[in-house]
Amino acid sequence: MNIQRIVLSISFVCLFTFCAAQCKLQPESQISLKTAFENKFLIGVAMNANQITGLDSIGDSVIIGNFNSIVAENCMKSEMIQPVEGKFDFSLADQFVKFGESHKMFIVGHTLVWHSQVPKWFFTDDKGLEVSREVLIERIHKHISTLVGRYKGRVKGWDVVNEAINDDGSYRASPFYRIIGKDFIKLAFQFAHEADPDAQLYYNDYNMALGGKREGVIKMVEELKREGIRIDAIGMQSHIGLYSPTVGEFEKSILAFSSLGVKVMMTELDLSVLPSPWENTGANVSDRVAYQEKMNPYKNGVSVEKIAEWEKVYSDYFKLFIKHQDKISRVTLWGLTDADSWKNDWPIRGRTDYPLLFDRNHKAKPIVAKIIKMITTPSEM
Ligand code: GLA
């Protein structure tokens, strides 16, 4: 045996012993979320500015260890990326995309056309008057082609249109709709497709388990498909509560959307433990309710009973996602830790909520091991 062979054999034995020890040391429940979901669907997380810039370095390592897809919570929204007409600010978005690439993640762009977090100039001329249909179409075109074009081949999927349908299924009377009519949706998808023909394109909305919204979205997507417009998936935001929606209604939407020949994604999952001022949990970001002490019951921690209730609901949803894994392409959490969540301030400012999978110390909550176990040892669930 020559020296090279001896070195090779020793290395092989060492590697084998190391791997065997690792396997033994690592109980199944310790594998990460992304490993557990590897052959099912992508598991993603929304990143905030502190995570994108590396200020929250602990958060970054938790993201790298657990998720294989990322979406930017805010930095790609129009008010951030094009605050002034023609002046694009890509500083954060560039860092976000670089982060995803360096960790081989599926990068999602959020969001191209949305009536909220949009700068005022988008709809007005220099006299402050509403612009014409032609001007608005041109502005949408420029916005989409610049943004999608910059990240062509790197951002793999885009939330093209966000929240265009009301809960009753009618079109939301946003400035986009008022000025252009429902064609703004079709045009946005066309512009995005032109800018990156390989990118996946999505429609995204909240309260998607409501019958009225479900029907409205189905009609809209059917129309897009009839006209030959590329649409790859429907995003159900999934800002859910303990009592609403029901898993049954949610499942109806997964089935109905998937039967349109598109994938279904849970794009902004969080499960609030707090009382909701309304029957539906929803996510109309402009809806606000005044603070009341009784609406903030868990300032100093959540009771064991409430946590058990919360875990049961999360488990029921993940069981549903696993059951329909053939229809689902991605489940994304809207934030990493409870401290990062918008739910602490919506719809009532200044509350303490616990909607995510990681606690305020970046520690995985027990639900994470339970979710992983659903996959590694399904018989025990
Ligand atoms: C909606 C949007 C998100 C985010 C949440 C609230 O769901 O799609 O971008 O703004 O509201 O944080």
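**Rings, ligand and backbone in a predicted model**

Reader: Where does the charged end of Arg360 sit?

Author: It is over the ring of Tyr354, and the distance to the ring centre is 5.0 Å. Please note that this is a predicted model.

Reader: Noted. And which residue lies over the face of Tyr206?

Author: That residue is Lys213, at 4.0 Å from the centre of the Tyr206 ring.

Reader: Let us turn to ring pairs. How many aromatic pairs does a search of the whole structure find?

Author: The search gives 18 aromatic pairs. One of the pairs is formed by Phe122 and Phe123: their ring centres are 5.9 Å apart and their planes meet at 45 degrees, so this pair is classed as tilted.

Reader: Why tilted, for Phe122 and Phe123?

Author: Planes under 30 degrees apart count as stacked and those over 60 as edge-to-face, with the rest called tilted. The angle for Phe122 and Phe123 is 45 degrees, so the pair is tilted.

Reader: Are Phe122 and Phe123 buried or exposed?

Author: Both of these phenylalanines are buried. For Phe122 the relative accessibility is 2%, and it therefore counts as buried.

Reader: What kind of aromatic pair do Phe122 and Phe176 form?

Author: Phe122 and Phe176 make an edge-to-face pair, with 6.0 Å from centre to centre and 70 degrees between the planes.

Reader: And where in the chain do Phe122 and Phe176 lie?

Author: Phe122 belongs to the loop between strand S3 (106–113) and helix H7 (133–150), while Phe176 is in helix H8 (residues 175–180). The two are 54 residues apart, so the pair links distant parts of the chain. Phe176 has a relative accessible area of 2% and is buried.

Reader: Which residues form one aromatic cluster?

Author: One cluster is made up of Phe37, Phe41, Phe250, Trp310, Tyr314, Tyr317, Phe318 and Phe321.

Reader: New topic, the ligand. Which residues are around the ligand?

Author: Around the ligand are Lys77, His110, Trp114, Gln117, Asn162, Glu163, Gln237, His239, Glu268, Val285, Trp334 and Trp342.

Reader: What share of the ligand's accessible area does the protein cover?

Author: On its own the ligand has 300 Å² of accessible area, and the protein covers 95% of that.

Reader: Back to Gln117 from that list. What is its phi?

Author: Gln117 has a positive phi of about 50 degrees, although it is not a glycine. The residue lies in the loop between S3 and H7. Its relative accessibility is 25%, and Gln117 therefore counts as partly exposed.

Reader: What about the phi of Lys104?

Author: Lys104 also is not glycine, and its phi is positive, near 55 degrees. Its place is the loop between H6 and S3. At a relative accessibility of 75%, Lys104 counts as exposed.

Reader: Staying with the backbone, is the peptide bond from Ser244 to Pro245 cis or trans?

Author: The bond from Ser244 to Pro245 is cis, and omega is near 0 degrees. Pro245 is located in the loop between S7 and helix H11 (247–258). Another cis peptide bond, with omega about 0 degrees, joins Trp346 and Pro347. Pro347 lies in the loop between S9 and helix H13 (366–376).

Reader: Now some lysines. Is Lys327 buried or exposed?

Author: Lys327 is buried, with a relative accessible area of 18%; the cut-off for buried is under 20%. The residue sits in the loop between helix H12 (304–323) and strand S9 (328–333).

Reader: Which residues is Lys327 in contact with, leaving aside neighbours within four places in sequence?

Author: The contacts of Lys327 on that basis are Ile254, Leu255, Ser258, Lys263 and Val264.

Reader: And Lys98, buried or exposed?

Author: Lys98, in helix H6 (residues 91–102), counts as exposed at 58% relative accessibility.

Reader: Lastly, where does Ile240 lie?

Author: Ile240 is in strand S7 (residues 239–240). It is buried, having a relative accessible area of 2%. The C-alpha atoms of Ile240 and Met295 are separated by 17 Å, and these residues are 55 residues apart along the chain.

Methods: Residues numbered from 1 in each chain as written. Predicted model: local features only at pLDDT ≥ 70, side-chain atom pairs only at ≥ 80, totals over all residues. Heavy atoms only, no water. Phe/Tyr/Trp six-rings, centres within 6.5 Å; stacked < 30°, edge-to-face > 60°. Buried < 20%, exposed > 50% of the residue type's maximum accessible area, 1.4 Å probe, protein only. Helix = DSSP H or I, 4+ residues; strand = E, 2+ residues; numbered from the N terminus. Lys NZ or Arg CZ within 6 Å of the ring centre and 35° of its normal. Near = heavy atom within 4 Å. Areas by Shrake-Rupley, 256 points an atom, 1.4 Å probe, with all protein chains shown as cover. Contact = heavy atoms within 4.5 Å.
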